[in-house]
Amino acid sequence: MTDPSSLPKAVLYYHPASVWSSAALLALREKGYGDDELDLRVVDISKGDEFSPTFLRLNPKATVPTLVVPLRGSLGHDVETRFKAIADPKALVDLLDKSRSATSRTNTTSSAPAPSLSPATVGFADTSGKIVNAVHSEVVAPETLHHLNARDPQSLQALAQTLLPVLQSRHQAIMNHLSDGANETIRMSDKTKTFWSEKRDA
């Protein structure tokens, strides 16, 4: 039998200040995943790390959280492990929920309880789905609400002081990648270069 500790791990790419990353981290905690069951790697979105060529190969949309999981059929020592990246927060949390359950065959080293995160009834599931969809809409997205809370000159100035360095760092990261691509320091597809250009002009 294969030793679970020797199998390739899933990797969660996240940022501590990301609301959607918080959902994934909470799911890990609630489901009782062990510290040795997957790796956590910070992607510093305040510096534009999600625009790096390495991360874009995992998630072309450059978003966090992103969960990279080894495919079940490629876990043996005699085969090359293949991975799948999951970038949709709802799908990611759903996978974490189902991967530690009474019916799951996922290798686990944790003996912690794994309560279901899904609503127990159809009615609750419908209500939960509506809430989740609403939170994911642009109108009430947490980032949007945070910005809308700045309604007077003082709060707008405070928000600007917080956001401006972040926006400048992210813009500089994109400009550096575009420069490297133009100078052929790195080889990237035209699609990726177009993505960088669109982010630069956004």
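Helices (H or I, at least four residues) and strands (E, at least two) are DSSP runs, numbered from the N terminus. With that in hand, the elements of this protein run β-α-β-α-β-β-α-α-α-α-α from the N terminus on, which comes to 7 helices and 4 strands.

A word on the basis: this is a predicted model, in which local features need pLDDT of at least 70 and side-chain atom pairs count only at pLDDT 80 or more, while totals for chains, interfaces and linings use all residues. Residues are numbered from 1 along each chain as its sequence is written, and side-chain values use heavy atoms, with hydrogens and water left out.

**The sheet and its helices**

Let's start with the strands, where two of them pair if DSSP finds at least two bridges between them. An open sheet of 4 strands has the order S2-S1-S3-S4, and its pairing is mixed. Strand S2 (38-42) and strand S4 (83-86) stand at the edges with a single partner strand each, so one side of each has no neighbour in the sheet. On average, neighbouring strands are turned by 20 degrees against each other, direction ignored; axes here are lines fitted to C-alpha atoms, for helices over the stretch in contact, and angles run from 0 to 180 degrees between N-to-C directions.

Strand S3 (residues 66-70) pairs with S4 in the antiparallel sense over 4 bridges, and Leu67 has Ile86 in S4 as its bridge partner. Helix H1 (residues 19-31) packs on the sheet, touching strand S1 (10-14) and S2, and its direction makes about 140 degrees with that of S1. Contact means heavy atoms within 4.5 Å. Helix H3 (residues 89-99) lies across S1, S3 and S4, running at about 45 degrees to S3.

**Aromatic pairs**

Rings of Phe, Tyr and Trp (its six-membered ring) pair if their centres lie within 6.5 Å; planes under 30 degrees apart count as stacked, over 60 as edge-to-face and the rest as tilted. The whole structure holds 2 aromatic pairs.

| Pair | Centre distance | Plane angle | Class |
|---|---|---|---|
| Tyr13 and Phe55 | 5.8 Å | 70 degrees | edge-to-face |
| Phe51 and Phe195 | 6.3 Å | 55 degrees | tilted |

Tyr13 lies in strand S1 and Phe55 in helix H2 (residues 53-58), so their pair ties together parts 42 residues apart in sequence. The other pair links Phe51, in the loop between S2 and H2, with Phe195 in helix H7 (residues 190-201), 144 residues apart.

Buried means under 20% relative accessible area, exposed over 50%, partly exposed in between (1.4 Å probe, protein chains only). Tyr13 and Phe55 are both buried; Phe51 is buried at 3%, and Phe195 is buried at 17%.
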